[in-house]
Amino acid sequence: MKVQPLGDRVLVKPLEAKETTKGGIVIPDTAKEKPQEGEIIAVGEGRKTDDGKVIALSVKKGDKVLYGKYSGTEINVEGDEHLIIREEDILAIIK
Amino acid sequence: MKVQPLGDRVLVKPLEAKETTKGGIVIPDTAKEKPQEGEIIAVGEGRKTDDGKVIALSVKKGDKVLYGKYSGTEINVEGDEHLIIREEDILAIIK
Amino acid sequence: MKVQPLGDRVLVKPLEAKETTKGGIVIPDTAKEKPQEGEIIAVGEGRKTDDGKVIALSVKKGDKVLYGKYSGTEINVEGDEHLIIREEDILAIIK
Amino acid sequence: MKVQPLGDRVLVKPLEAKETTKGGIVIPDTAKEKPQEGEIIAVGEGRKTDDGKVIALSVKKGDKVLYGKYSGTEINVEGDEHLIIREEDILAIIK
Amino acid sequence: MKVQPLGDRVLVKPLEAKETTKGGIVIPDTAKEKPQEGEIIAVGEGRKTDDGKVIALSVKKGDKVLYGKYSGTEINVEGDEHLIIREEDILAIIK
Amino acid sequence: MKVQPLGDRVLVKPLEAKETTKGGIVIPDTAKEKPQEGEIIAVGEGRKTDDGKVIALSVKKGDKVLYGKYSGTEINVEGDEHLIIREEDILAIIK
Amino acid sequence: MKVQPLGDRVLVKPLEAKETTKGGIVIPDTAKEKPQEGEIIAVGEGRKTDDGKVIALSVKKGDKVLYGKYSGTEINVEGDEHLIIREEDILAIIK
């Protein structure tokens, strides 16, 4: 079974939110929107333009990404919690 | 009798919402928007651009799709409940 | 006397709303927006683009269509109730 | 003295609102937006596009038109009440 | 001293609002937005498009125009009250 | 030290608001938005279009301009109060 | 570890907010939105257009920039507070 996101959406498996991490990304506990870390499991084909072209996504399967905490739609795939997010809502790639 | 959706709309027959499913998609019971599963029965011709071109849809008859629970307009075709949804509101294809 | 809709508008004569219909379209009595059935009496020339082109409508005179219950503007033509609706608000053609 | 509407605007002289009319347009007395009938007195040159072209209007002087009751801006020309309306707000031509 | 409006703006000197006028424009005293009459003192160069072109204005210095009462920004030039208005907010030219 | 505005923004040094001025601009004390006078200190490179072109600004260093009182963002450069404003919010050049 | 912003976003390391500074930028303590100073650590590839082109950013790694106080999303990279901001929200470069 496979979930194939449509258009400019990606399927993301969230990583465990760590409060602090050595040499890594710390999600501060403030009133601001907190980004979360996840791994991209599948990407859509891209956004279709009015010229009939498809603008491919800038992220690919396996990328670790930061995204806004309240972005996307939660789904469970084979028991694990996943998110379907638009590429627009992905903030950065973590390398 | 046949319902032919217009433009970038599709006709979807919702699947029974299963609370849990082995090796499948589980719709969590949270406060977030819950996607639903359905099968595409008919698709529109596509979105017309200002150049007079028609951008065909990315989904086709028979595709199983995930869509937002509150998307689309309910209609009944020959006694069965269906939905007319814009392609924009379809999250992913399930394979 | 004739009413010629402008641009991407169509003139629709609503069909009687049937609560149930055998082998037909049943409009469910729910809290969701209920589509209604009607027949297209006249169509506009189409939407003008910035290139000066006219994108013709996808529906034509005689088509039976589904549209949202609260779409369009009511007018009476020679004693019969009609609607002027934008093509955008037509959900599907019934064949 | 002459009022020349600008761009995609037209100058309309409203007809007397008749409650019923034989073989004509009847404006129903419902809660929905009620269209009104008028005659076009003058039209603007058209809408300018980013290419510097001018898209001429689809209506011309002398056309009888239906428009939304609350559309446009009221002005009086030589003692008679007129309206300046955008072409966008004209629903249909009556022939 | 000279005020040169920018882009698609014009500098307008309002005429005295006359309640009634013989053979002229009468501003009705209703709840609707009331247009006002003024004379154009200076016009901007025009609107710049994404192609780097400039779409010149349809009005010129000396034109008498109608505009919405609450349009634009009031400034005083050498003691006289003026308005800076976008061309978009000018309804018609009075000839 | 130099502040270089980005894109279609300009750096403006506000002039002292004079209540009345002989042969100049008088800012009226009304409920309407009051424009203010300032001198342009630096301009951005211009607005980038989708074609990769840059549309240069219509104002240049040294221009005296009118702008809305509540436009822009206040910053202090070397002790003096300045504003960073989008070109869009500049009403006119004073010559 | 590296955070690579996506699209038209940049990663900014905020400078200490100094209340006053000799020969520098003073952030006034008013009710207006206060800009803040920071250094750009990494920039996205740029904004993708419908033509498939990428419009590179106007700022680069090492630039000192002013941005609105409430812009962007806070993240911590290796213990230091950073911001991911859209280029659109950067007001000026400080040289």
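Reader: Which residue stands opposite Gln4(G) in E1(G)?

Author: The model is a predicted one, and the place to look is the pairing of strand E1 of chain G with strand E10 (residues 90-94) of chain A, which runs in the antiparallel sense over three bridges. Within E1(G), the residue that stands opposite Gln4(G) is Ile93(A).

Reader: Which strand of chain G gives the largest share of the side that touches chain A?

Author: Across the interface of chain G and chain A there are nine residue pairs in polar contact, with both residues at pLDDT 80 or more. Strand E1 (3-5), strand E8 (73-77) and strand E9 (80-86) of chain G each supply at least two residues of the side that touches chain A. The largest share, five residues, comes from E8(G).

Reader: How much area do chain G and chain A bury between them, and which residues of chain G lose the most to chain A?

Author: The contact takes 27 residues from chain G and 26 residues from chain A. Chain G and chain A bury about 2200 Å² between them, with 53% of that on carbon and sulfur atoms. On the side of chain G, 27% of what is buried belongs together to the residues that lose the most area to chain A, namely Leu6(G), Asp50(G) and Glu74(G).

Reader: Which residue of chain A meets Arg86(G) in a salt bridge?

Author: Across the interface of chain G and chain A, the rule finds two salt bridges. In one where the side chain of Arg86(G) takes part, the N to O distance is 2.7 Å, and the partner is Glu88(A).

Reader: Turning to chain F, which residue is the bridge partner of Val3(F) in E10(G)?

Author: Strand E1 (residues 3-5) of chain F and E10(G) pair in the antiparallel sense, over three bridges. In E10(G), the bridge partner of Val3(F) is Ile94(G).

Reader: How do the residues divide on the side of chain G that touches chain F?

Author: In the contact of these two chains, 26 residues of chain G meet 25 residues of chain F, and nine residue pairs are in polar contact, both at pLDDT 80 or more. Strand E3 (25-26) and strand E10 (90-94) of chain G each supply at least two residues of this side, and the largest share, five residues, comes from E10(G). The residues of the side divide into 14 nonpolar, five polar and seven charged.

Reader: Which residue of chain G meets Asp50(F) in a salt bridge?

Author: The count between chain G and chain F is two salt bridges. In one that involves the side chain of Asp50(F), the N to O distance is 2.8 Å, and the partner is Arg47(G).

Reader: Why does the salt bridge of Arg47(B) and Asp50(A) join two chains, and where does Asp50(A) lie?

Author: The side chains of Arg47(B) and Asp50(A) meet in a salt bridge at 2.8 Å, N to O. The pair joins two chains because Arg47(B) lies in strand E5 (residues 47-48) of chain B, while Asp50(A) lies in the loop between strand E5 (47-48) and strand E6 (54-55) of chain A.

Reader: What share of the interface residues of chain G are also interface residues in chain A?

Author: Chain G superposes on chain A, with an RMSD of 0.0 Å, by a rotation of 51° with 0.0 Å of shift along its axis. The copies meet through different surfaces, because the share of the interface residues of chain G that are also interface residues in chain A is only 7%.

Technical notes. Residues numbered from 1 in each chain as written. Chains lettered and ligands numbered in written order. Predicted model: local features only at pLDDT ≥ 70, side-chain atom pairs only at ≥ 80, totals over all residues. Heavy atoms only, no water. Contact = heavy atoms within 4.5 Å. Salt bridge = Lys/Arg side-chain N within 4 Å of Asp/Glu carboxyl O. Polar contact = N/O pair within 3.5 Å; in protein donor to acceptor, adjacent residues only side chain to side chain. Helix = DSSP H or I, 4+ residues; strand = E, 2+ residues; numbered from the N terminus. Nonpolar A, V, L, I, M, F, W, Y, C, P; charged D, E, K, R; others polar. Pairing = 2+ DSSP bridges. Least-squares fit on C-alpha atoms with pLDDT ≥ 70 in both. Buried area = accessible area lost by both parts, 1.4 Å probe.
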